[in-house]
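The sequence and the structure come first.

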Amino acid sequence: MRELILGDGERYPAVWLRDNCPCGDCALPGSGQKLFGITDIPLPDEVRIERFDQTPDGCVEVVFAPDGHKSRFDAAWLAEHRPGRSPPYSDRAEDAKILWQAADFADGLPSATRDAFAQDPATRADCLESLLVKGFFLLHGVAVEDRAVLSVAQAFGFVRRTNYGELFEVRVEENPANLAFSSLPITPHTDNPYRDPVPTIQLLHCLTNAAEGGDSGLVDGFHAAATLRREQPDAFDLITRTPVAFRYLDAEAELTATDSLIGLDALGRITQIRFNNRSMRPVALPPDEIVPFYAAYRAFAELLYRDEARLDFRLEPGDCVVFDNTRTLHARTGFTASGRRHLQGCYADLDSAASALAVLRRTYPGDL
Ligand code: OGA
Ligand code: ZN
Ligand code: ZN
């Protein structure tokens with residue numbers, strides 16, 4: 001047999017089963033890490049099922065040809081992994097997200113106190129799920145102390161150290177080289193598109209916000225991208241197919257990375273937004289393609305800059321916003337330069353946040 005066909009016609013091709021054999025010769029117990037490679041088993045169209053047997057304890061035993069290898073599969077595992085059951089899951093892709101506009105948070109933002117986040121696994125799981133599914137969460141009651149932002153990041157992952165150091169300061173400096181160090185407004189953007197890989201999580205912790213203005217804003221870039229795809233499919237296509245270079249330059253660093261403003265995965269799902277007018281380099285396209293690209297870029301920007309898209313809130317001392325820097329754009333309003341405002345920020349990564357959430361769910365099954 002070329003495939004195993006179970007109860008309701010679920011099909012399991014022989015080579016797929018052979019490659020997923022869980023026996024001790026094929027996989028390490030515990031981690032399930034494979035002990036063989038694709039070239040170590042018979043050719044894909046030569047693997048066959050010699051015979052199989054369903055055991056009373058809910059397993060399926062398979063004997064393969066031509067090599068006579070024996071495997072034992074758990075029926076629940078087979079059901080869960082059945083080929084074609086659902087599109088491949090990616091926690092980074094749009095279909096794993098809840099897309100939003102500002103009005104969706106009329107009843108409040110996903111938030112918790114720092115103490116509950118630290119002490120209560122259910123609160124921590126809720127926050128991490130918000131980060132992964134909605135693209136952000138907010139903590140209140142973080143110590144108003146230098147470097148406290150690092151301990152927030154360490155509670156669910158690892159600080160991504162960069163050329164800015166472990167953390168960066170956002171406060172007014174004289175002769176600022178970066179808008180961050182001025183009191184000017186900053187339009188919605190993702191940070192560090194000139195890095196590859198881009199930091200996938202950003203944290204901003206407020207130490208002082210005594211200025212008039214200096215409010216924060218978040219925008220769901222996936223929502224805007226999905227709207228662009230629906231309303232102006234040609235513009236969406238053009239953006240996803242046009243690589244754009246970003247650069248950051250100072251005395252010690254020269255960072256460049258090139259990618260499209262809207263990134264898609266192999267299935268065409270939206271997975272990443274890079275949007276930052278400050279660090280975008282000249283677009284390298286043939287002359288005839290420049291105007292269409294700019295029209296598409298502008299259409300996307302207008303969606304990102306819409307009032308309905310922007311969730312406005314104010315960071316007070318002790319607040320820390322944690323967001324997905326591959327999806328959620330952040331912004332601030334301008335403020336009176338005489339008023340004091342000081343944030344500390346750092347970067348971390350989504351893979352560790354997703355891992356922390358998965359481990360929490362495994363540790364407290366049924367509770368979270
Ligand atoms: C920045 C930035 C946010 C703020 O500097 O890139 O987004 O609230 N700052 O000042
Ligand atoms: Zn095996
Ligand atoms: Zn920023």
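## Overall picture

Of the 368 residues in the protein, 48% are buried, where buried means under 20% relative accessible area, exposed over 50% and partly exposed in between (1.4 Å probe, protein chains only). The model is predicted: local features need pLDDT of at least 70, side-chain atom pairs count only at pLDDT 80 or more, and totals for chains, interfaces and linings use all residues. Residues are numbered from 1 along each chain as its sequence is written, chains are lettered from A and ligands numbered from 1 in the order in which they are written, and side-chain values use heavy atoms, with hydrogens and water left out.

The protein has nine helices and 19 strands; these are DSSP runs numbered from the N terminus, helices being H or I with at least four residues and strands E with at least two. Its C-alpha trace spans about 80 × 60 × 45 Å along the principal axes. Among contacts (heavy atoms within 4.5 Å) with a separation of 6 or more, 74% come from residues 24 or more positions apart.

Donors are N, O and S atoms within 2.8 Å of the metal (3.2 Å for Na, K and Ca); water is not among the atoms, so sites may look incomplete. For comparison, the ideal angle for four tetrahedral donors is 109.5 degrees.

Cys26, in the loop between helix H1 (14-19) and S3, and His69, in the loop between S4 and S5, are 43 residues apart, and the pair links distant parts of the chain. Cys26 counts as buried at 3% relative accessibility, and His69 counts as buried at 16%.

## The zinc ion (ligand 3)

The zinc ion (ligand 3) has His189 (NE2), Asp191 (OD) and His330 (NE2) as protein donors, lying 2.1 Å from it. In sequence these donor residues are spaced H-x1-D-x138-H. Asp191 lies in the loop between strand S9 (186-189) and strand S10 (201-209), and His330 in strand S18 (residues 328-332), so the pair ties together parts that are 139 residues apart in sequence. Asp191 and His330 are both buried.

## Hairpin and open sheet

Strand S1 (residues 3-6) and strand S2 (residues 10-13) run antiparallel and are joined by four bridges; two strands pair if DSSP finds at least two bridges between them. Opposite Ile5 stands Arg11 in S2. The two strands S1 and S2 form a hairpin with three residues between them, and Gly9 in the turn has a positive phi of about 90 degrees.

An open sheet is formed by three strands in the order S3-S4-S5, with antiparallel pairing. Strand S3 (48-54) and strand S5 (70-74) stand at the edges with a single partner strand each, so one side of each is left without a neighbour in the sheet. Strand S4 (residues 59-65) is joined to S5 by five bridges, and Glu61 has Arg72 in S5 as its bridge partner.

Helix H4 (residues 121-133) has 13 residues, which at 1.5 Å a residue should span 18 Å; its end C-alpha atoms are 18 Å apart, which agrees. The expected span is 1.5 Å times one less than the number of residues. In H4, 10 of the 13 residues are buried, among them Cys127, Leu128, Leu131 and Leu132. The cover of these buried residues includes strand S6 (111-113), strand S7 (136-140), strand S17 (320-324) and helix H9 (350-363). Gly135, with a positive phi near 95 degrees, follows H4.

S7 is mostly covered, with four of its five residues buried. S6 and S7 pair in the parallel sense over three bridges, and Ala112 stands opposite Leu139 in S7. S7 and S17 run antiparallel and are joined by four bridges; Leu138 has Val321 in S17 as its bridge partner.
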